[in-house]
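Work through each task with the structure open before reading its solution.

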Amino acid sequence: MSEDKTTLLTAKADRLQKKVSALKDKKRRAGRRKDFEDRRKILESVRDDLKPLTKKRVLFASSGIPCEHEGKGVRTSIDELREVKDHFVENPDWVIDEDLRSRILERIRGHRRPTERSLDAAWRNYYKEKNTRIPEDLLSALEEVEGFESDVQKIRELSSKVSQWEHQPPSSQSGLDRFEKQASALQEAWERIEEQDLSQDVKAFLSATVSGGAPLKLVTSEVREWLEEHDLLDRATVSL
């Protein structure tokens, strides 16, 4: 083979090798872009998961709703996300090479769960404190007492609105304000019934019934007479 042909073949082989190398490099870069994109989506998903918890924790804290866990899990998760960011700034390949799901993301999700449980418990306690629970049998009985019909209807309407918040806590200040306004209106509606022309003994009996059950000692002769007068004696219940 002549020297010219050898040189030509060598140059051709070099060009082919460069093309192969370029294709491999392009494929490698495309793979890295996909890896970066996958990690970005995972991290954004974790961040988005934390947003509602952080918002609710801030809302509860600013409104004086005590939360036992105090959002430590959320704060720890945010710190670990910052750790991911710092590692990425120092060495971008770290975000691909490290197994984020096992090293960071699962820990973050693990920190989140106690905060979720704590916020749910805090809301249940606050809701129970604010809500005026009036037994339906008592409302049905009072509805038949002359002068109580409109108040009982109002109580039912407000009770229905308040109960919608029991398993769906507000996520904003406006929502919390709306719940508290409805709960206050319900309490005021019940107080209007208590403020009717009733004796102190009857008021005490009705209040105790709403608060969890009237003890036997509150069933005075005056209370018994009032119940009999309004045909409520067979419906009245006491707690022992």
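**Exercise 1.** At what angle do helix 6 and helix 7 pack, and how far apart are their axes?

*Solution.* Helix 6 and helix 7 pack at an angle of about 155°, and their axes lie 9 Å apart; the axes are lines fitted to C-alpha atoms, for helices over the stretch in contact, and angles run from 0 to 180 degrees between N-to-C directions. Helices here are DSSP runs of H or I with at least four residues, strands are runs of E with at least two, and both are numbered from the N terminus. Angles under 35 degrees count as roughly parallel, over 145 as roughly antiparallel, 65 to 115 as roughly perpendicular and the rest as oblique, and helix 6 and helix 7 are therefore roughly antiparallel to each other.

The model is predicted, so that local features need pLDDT of at least 70 and side-chain atom pairs count only at pLDDT 80 or more, while totals for chains, interfaces and linings use all residues. Residues are numbered from 1 along each chain as its sequence is written, and side-chain values use heavy atoms, with hydrogens and water left out.

**Exercise 2.** Which residues of helix 5 and helix 6 meet?

*Solution.* Start from the geometry: helix 5 and helix 6 pack at an angle of about 155°, with their axes 8 Å apart, which makes helix 5 roughly antiparallel to helix 6. Next, take contact as heavy atoms within 4.5 Å; E136, L139, S140, L142 and E143 of helix 5 then meet E149, V152, I155 and R156 of helix 6.

**Exercise 3.** Which residues touch the most other members of the largest nonpolar core?

*Solution.* A nonpolar core is a set of buried Ala, Val, Leu, Ile, Met, Phe, Trp, Tyr and Cys residues joined through side-chain atoms within 4.5 Å, where buried means under 20% relative accessible area, exposed over 50% and partly exposed in between, with a 1.4 Å probe and protein chains only. The largest such core has 39 residues, of which W123, L142, F148, I155, F179, W190 and W226 touch the most other members. Among the elements that give two or more residues to this core are helix 1 (3–62) and helix 4 (100–130), whereas helix 7 gives the most, with 7 residues.

**Exercise 4.** Which residues does F179 touch, not counting residues up to four places away in sequence?

*Solution.* With that exclusion, F179 touches W123, Y126, Y127, K130, V162 and W165. A second, separate core of 8 residues includes V46, L81, V84 and I108.
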